[in-house]
Amino acid sequence: MKTLKESLSLHKKFIWISAFLFVVLVGVVQVFAHQESLKIYLGISEPERERIQMEFSRQHGLLPKEVILEQGKYYQIDIFSDHTELGCMSTIYLEGLDETIWELIKGETISFKVDAKKKWSYRFLCAMHVPFFASVIIE
Ligand SMILES: [Cu+2]
């Protein structure tokens with residue numbers, strides 16, 4: 001059996017160790033909470049995005065045909081449309097990057113958000129998965 005004195009001293013040690021671990025934990029959380037990249041990763045904060053301009057027309061379709069992005073960066077691709085296409089080809093999404101389906105409407109601009117993570121060539125497709133012959137390439 002432990003004496004009362006021993007038991008009290010053990011209790012004190014336990015409190016001190018708990019307090020120490022708590023302070024360390026708060027410190028670690030504080031440091032990580034202020035890391036911008038971690039916040040972006042957790043979806044708490046929206047990254048600064050470089051803007052890329054594209055255009056959709058009856059004559060040329062999507063221009064430019066190739067958009068080159070740098071891996072690890074964040075982009076917003078704006079597409080201005082000066083033509084409303086008929087049928088499914090009025091819809092568009094960016095396969096594997098931002099699969100929000102937008103409508104290409106004359107006079108309107110749509111925006112895709114791209115986190116350039118994996119090196120690859122990604123296609124613009126209509127909602128029926130027909131390609132637009134324009135790609136986003138992450139290098
Ligand atoms: Cu289509």
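Q: Which residues does Leu 69 touch, leaving out those up to four places away in sequence?
A: This is a predicted model, where local features need pLDDT of at least 70, side-chain atom pairs count only at pLDDT 80 or more, and totals for chains, interfaces and linings use all residues. Residues are numbered from 1 along each chain as its sequence is written. Touching means being in contact, with C-beta atoms (placed from the backbone) within 7 Å. Not counting residues up to four places away in sequence, Leu 69 touches Tyr 75, Val 114, Ala 116, Val 136, Ile 137 and Ile 138.

Q: Which residues in the largest nonpolar core touch the most other members?
A: A nonpolar core is a set of buried Ala, Val, Leu, Ile, Met, Phe, Trp, Tyr and Cys residues joined through C-beta atoms within 7 Å. Buried means 20 or more other C-beta atoms within 10 Å of a residue's own; exposed means 12 or fewer, and partly exposed is in between. The largest core has 18 residues, and the ones touching the most other members are Leu 69, Ile 77, Val 114 and Val 136.

Q: Which strands each supply at least two residues of this core?
A: Strands here are DSSP runs of E with at least two residues, while helices are runs of H or I with at least four, both numbered from the N terminus. The strands that each give this core at least two residues are strand 1 (50-57), strand 3, strand 4 (74-81), strand 5, strand 7 (109-115) and strand 9.

Q: Which strands are the edges of the open sheet of five strands?
A: Two strands pair if DSSP finds at least two bridges between them. The order here is 3-9-8-5-6, with mixed pairing.

Q: Which residue in strand 8 stands opposite Leu 94?
A: Strand 5 (residues 91-94) runs antiparallel to strand 8 (residues 120-125), and two bridges join them. Opposite Leu 94, you'll find Phe 124.

Q: Is Cys 126 buried, exposed or partly exposed?
A: Cys 126 sits in the loop between strand 8 and strand 9 (131-138). Thr 91 is 35 residues away in sequence, yet 5.1 Å from Cys 126, C-alpha to C-alpha. Because Cys 126 has 18 other C-beta atoms within 10 Å, it counts as partly exposed.

Q: How many residues of helix 1 are buried?
A: Helix 1 (residues 4-33) reaches 43 Å from first C-alpha to last, close to the 44 Å expected (1.5 Å times one less than its number of residues). The helix is hardly covered: among its 30 residues, the buried count is zero.

Terms used: Contact = placed C-beta atoms within 7 Å.
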